[in-house]
Amino acid sequence: MADVSLAELLAGRDARTQMVEAYFTSGLPALVVATMNIAGPHKSSNLICRAFDLALQDLFVTLGSGQLLLLHKDAPASGPFAIFFIRQTTTAERMKELLVDFETNHPIGRWLDLDVKLRNGTSLGRKEIGHASRRCFLCNEEATVCRRNATHTIEELEAFTQDHLSTYVSNSGFYRPINL
């Protein structure tokens with residue numbers, strides 16, 4: 001697992017943003033962009049990519065195959081990502097609700113970042129649909145506070161992530177979704 005430089009990370013995000021914008025120019029009203037929320041310089045590995053793939057399978061099982069259509073999936077050094085079209089039968093707001101529920105209830109949902117991107121360049125966030133901000137992996141403080149204060153070391157966060165993702169993958173991504 002190689003470290004990703006800040007330049008690589010930013011280039012990966014820029015490429016993903018350009019891809020999303022290209023889909024919007026083709027007329028799509030809203031998209032779901034799935035990424036992994038991995039602390040530290042190790043954004044992509046066999047374990048991270050396998051956990052991501054299994055979690056996406058769980059997402060399709062939970063939501064049913066009719067609500068999202070996979071447009072693009074890749075695993076660059078900046079981390080795995082996927083872009084989905086939201087079918088017309090589901091509003092962007094309802095999709096965000098479903099995604100927040102999935103993130104909240106899934107075994108590795110805390111590491112998943114499932115964003116609803118709107119054509120006007122904005123994203124539907126948790127706060128826009130009445131949910132609290134994400135909590136820290138380790139102490140349950142608001143995640144942005146811990147990140148800003150560097151409350152935990154990268155090594156602590158990486159070890160916690162490695163342990164949880166390994167457990168999930170070793171169980172073959174076993175997950176019994178709740179009815180959303």
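Ile129 is located in the loop between β5 (123-124) and α4 (143-149), where helices (H or I, at least four residues) and strands (E, at least two) are DSSP runs numbered from the N terminus. The model is predicted, so that local features need pLDDT of at least 70 and side-chain atom pairs count only at pLDDT 80 or more, while totals for chains, interfaces and linings use all residues. Residues are numbered from 1 along each chain as its sequence is written, and side-chain values use heavy atoms, with hydrogens and water left out.

The model is predicted: local features need pLDDT of at least 70, side-chain atom pairs count only at pLDDT 80 or more, and totals for chains, interfaces and linings use all residues. Residues are numbered from 1 along each chain as its sequence is written, and side-chain values use heavy atoms, with hydrogens and water left out.

The relative accessible area of Ile129 is 15%, and the residue is therefore buried (under 20% relative accessible area; exposed is over 50%, and partly exposed lies in between, with a 1.4 Å probe and protein chains only). Apart from residues up to four places away in sequence, Ile129 touches Glu93, Lys96, Glu97 and Val100, contact being defined as heavy atoms within 4.5 Å. Glu93 is 36 residues from Ile129 along the chain, and the two C-alpha atoms are separated by 7.2 Å.

The loop between β5 and α4 also holds Asn140. Asn140 is not a glycine, yet its phi is positive, at about 70°. Most residues other than glycine have a negative phi. Ala150, in the loop between α4 and α5, likewise has a positive phi, near 50°. With a relative accessibility of 56%, Ala150 counts as exposed.

No disulfides are counted in the model under the criterion of a pair of cysteine sulfur atoms within 2.5 Å. Cys139 is in no disulfide, and its nearest cysteine sulfur, that of Cys146, is 3.4 Å away. Cys146 is in no disulfide either. Cys139 is partly exposed, at 39% relative accessible area, whereas Cys146 is buried, at 7%.

Helix α5 spans residues 154-170 and has 17 residues. The distance from its first C-alpha to its last is 24 Å, close to the 24 Å expected at 1.5 Å a residue, where the expected span is 1.5 Å times one less than the number of residues. Leu157, Thr161, Leu165 and Tyr168 of α5 are buried. Viewed down the helix axis, the buried residues fall within an arc of 55°, so they line one face of α5; the arc is that of the directions from the helix axis to the C-beta atoms. An α-helix has 3.6 residues a turn, so residues three or four places apart point the same way. Glu155 and Ser170, on the other side of α5, are exposed. The cover over the buried residues of α5 includes β1 (30-36) and α2 (46-63). Ser172 follows α5 and has a positive phi, near 55°.

The loop between β1 and α2 contains His42. His42 is buried, with a relative accessible area of 18%. The side chains of His42 and Glu158 are joined by a polar contact of 2.6 Å. A polar contact is a pair of N or O atoms within 3.5 Å; within protein, one must be able to donate a hydrogen and the other to accept it, and residues adjacent in sequence count only if both atoms are side-chain atoms.

The largest nonpolar core has 34 residues, of which Met36, Val116 and Leu165 touch the most other members. A nonpolar core is a set of buried Ala, Val, Leu, Ile, Met, Phe, Trp, Tyr and Cys residues joined through side-chain atoms within 4.5 Å. At least two residues of this core come from each of β1, α2, β3 (81-86), α3 (92-105), β4 (112-118) and α5. The largest share, nine residues, is supplied by α2. Leu165, leaving aside neighbours within four places in sequence, is in contact with Met36, Ile38, Leu47, Ile48, Ala51, Ile108 and Trp111. A second, separate core has nine residues, among them Phe24, Leu28, Leu31 and Ile83.

Ser123 belongs to strand β5 and is partly exposed, with a relative accessible area of 34%. Ser123 and Leu31 are 92 residues apart in sequence, and their C-alpha atoms are 9.5 Å apart. Beyond its neighbours within four places in sequence, Ser123 is in contact with Val116 and Lys117. The side chains of Ser123 and Lys117 make a polar contact of 3.2 Å.
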